[in-house]
Every structure is written in C-alpha cells, then in structure tokens.
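These are my notebook entries on a single chain. I set out to look up charged pairs, a surface patch and aromatic contacts.

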Amino acid sequence: MRTAVAAAVCAVALAARGASAFSSPSAPSFVAPHYRIHGSAPRVPSALYLSVESVEEAMMDAEDRMSKTISSVKSNLQTIRTGRANAAILDRVEVDYYGAMTPLNQMAGISVPSSQQLQVDPYDKSTLADVEKAIIESGLGLTPNNDGNTIRINIPQLTEDRRKELLKQCKAMGEEGKVAVRNVRRDNVDAIKKLEKASSIGKDESLDGLDEIQKLTDTSVKEIDEIVAKKEKEVMTV
C-alpha cells in the first residue's frame, strides 16, 4: 500500500489575488476508481498580485494567511495514523456515491467505541460495499470488517519501522507549512518595501512594519514546530 501524504509547495493564481498550496512530491496521491484522497493542504492567498495601501493591511494579510497555514498543518497531521483509534484518520477518504466522489465523514457516522477500534455507520446502507472498498484502497493500511450493517475497523499497533516512517511524514508536513509561512513573509515584506519606494510610507514606518512581519513569522514557525513535536510524541507513544 502506498502511503498518501497530502503536502507540496505550489503556487496557483486565483482571481485578483491568487492562491498557494502545498503537497509532498515524494508521496503522490493514490487514486482508485471508487476512491481518492481529497486534500486538505493549505490554500493560502498568494501575493503574486498583492497590493496593500498600508502597513496595517500588510499585517492583516500576513496574520490571516499564516493562521490558515497553521490550521491546515494541524488538519493534515490529524490524518496520520497512530496506534490509537482516531476518527480524523478517515477525513480524507472519499467514496464514489452514485457517481459523485463524497467525503466519507459526510455520508456516514464515525465513532470510536474503544481505543483500538473505529466504527463506520453509513446513512445509506446500500453504500456499505463502496465504503469498505474505499477504506481498503485508502493507503492507510486498515482492514475494515463489514457485517452487513456497519463497518468496524481494528487499529493495529504500529511497528517500529512504521513509526519511523510516520515521523518522517510529520516532519515533512511541518517543513512544508513553514515554507508556506515564509512565503507569506516574503510577499508582505516586498509589499511594504514597494510602499516605501512609492513614498506612501516613511522609512521608519517601513522598518517597523518589517520588524512586525518578522515577529509574526517567528511566532508562526514556532507554533508549527510545537504542533509537529506533539504529533511526533503521539506517534512514538506505545
């Protein structure tokens, strides 16, 4: 089974502002006829065409985009399976529901009856086979048990090799998140410098703005490091 890691850095222009997202080039998404991983990688507005009229606007833009990046890193890390049952690991599973790829968590109730088991209850029981197939082909290494009414998934303990592999995934997601944060910093630093060059703001105001952007960047990077460290501890806990 190939492990699907949703992470990589790519820039995509959206409307007047554009957008950027990341996914890992080292682990391409696995796509099956009745299943696919739907990404939750950060989509942060890009400053490819960023235009601000004040330092305050630049700060607001940076805070918003860095915050969204941090939230996306958290969401991505939640999908990494540890040795304990966690409904979030199924967040990226999509099922072919009458021709439409639908997130599993929108078409079934997912509960955690014990620390080592997940239970999936499709609202439409006729989709049980499709849901089972999607989970099997997800690349999560899970084996669902379909009793004709509900699906139970026993969460196996992780091997040492598997834990090491997951640690690498955690680090990769964290690094890609930090790259996205630094791209936001670069965009807004350039925007502030353009304001100064156009004499829209003075040099002192420009330096103050650049200093605040750097502080926000440092804070965001530190938060991502803490989030990753927490997930790594979960992965290594037996």
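Which residue forms a salt bridge with Lys178, and how far apart are the closest N and O atoms? I found Glu175 as the partner, with the closest N and O atoms 2.9 Å apart. I counted as a salt bridge a side-chain nitrogen of Lys or Arg within 4 Å of a carboxyl oxygen of Asp or Glu.

Before going on, I recorded the basis of the work: this is a predicted model, in which local features need pLDDT of at least 70 and side-chain atom pairs count only at pLDDT 80 or more, while totals for chains, interfaces and linings use all residues. Residues are numbered from 1 along each chain as its sequence is written, and side-chain values use heavy atoms, with hydrogens and water left out.

I placed both Lys178 and Glu175 in helix α4, three residues apart, about one turn of the helix. I took helices (H or I, at least four residues) and strands (E, at least two) as DSSP runs, numbered from the N terminus. I then looked up accessibility, where buried means under 20% relative accessible area, exposed over 50% and partly exposed in between (1.4 Å probe, protein chains only). Lys178 is buried at 9%, whereas Glu175 is partly exposed at 41%.

I next examined Lys231 and Glu234, whose side chains meet in a salt bridge at 3.5 Å, N to O. These two residues are separated by about one helical turn, because they lie three residues apart in helix α5. Lys231 is buried, with a relative accessible area of 6%, and Glu234 is partly exposed at 36%. I also traced a network in which salt bridges that share partners join Asp61, Arg65, Arg186 and Asp187. Asp187 is buried at 10% relative accessible area, while Arg186 is partly exposed at 42%.

Entry on Arg182. I located Arg182 in helix α4, residues 160-197, and found it partly exposed at 41% relative accessibility. Its C-alpha atom is separated by 9.3 Å from that of Asp218, 36 residues apart along the chain.

Entry on the negative patch. Which elements each supply at least two residues of the negative patch? I found α1 (55-78) and α5 (203-236), with α5 giving the most, three residues. The patch is formed by Glu53, Glu56, Glu57, Asp204, Glu205 and Asp208. For patches I used residues with over 30% relative accessible area and no salt bridge, joining like charges within 9 Å and nonpolar side chains (Val, Leu, Ile, Met, Phe, Trp, Tyr) within 5 Å. I placed Glu53 in the loop between β4 (35-37) and α1, and it counts as exposed at 66% relative accessibility.

My search of the whole structure found one aromatic pair. Tyr97 and Tyr98 form this pair, edge-to-face, at 4.8 Å centre to centre and 65° between the planes. Rings of Phe, Tyr and Trp (its six-membered ring) pair if their centres lie within 6.5 Å, with planes under 30 degrees apart counted as stacked, over 60 as edge-to-face and the rest as tilted. Tyr97 is partly exposed at 29% relative accessibility, whereas Tyr98 is exposed at 66%.

Technical notes
Areas by Shrake-Rupley, 256 points an atom, 1.4 Å probe, with all protein chains shown as cover. Lys, Arg positive; Asp, Glu negative; His and termini not counted. Charge placed at Lys NZ, Arg CZ, Asp CG, Glu CD.
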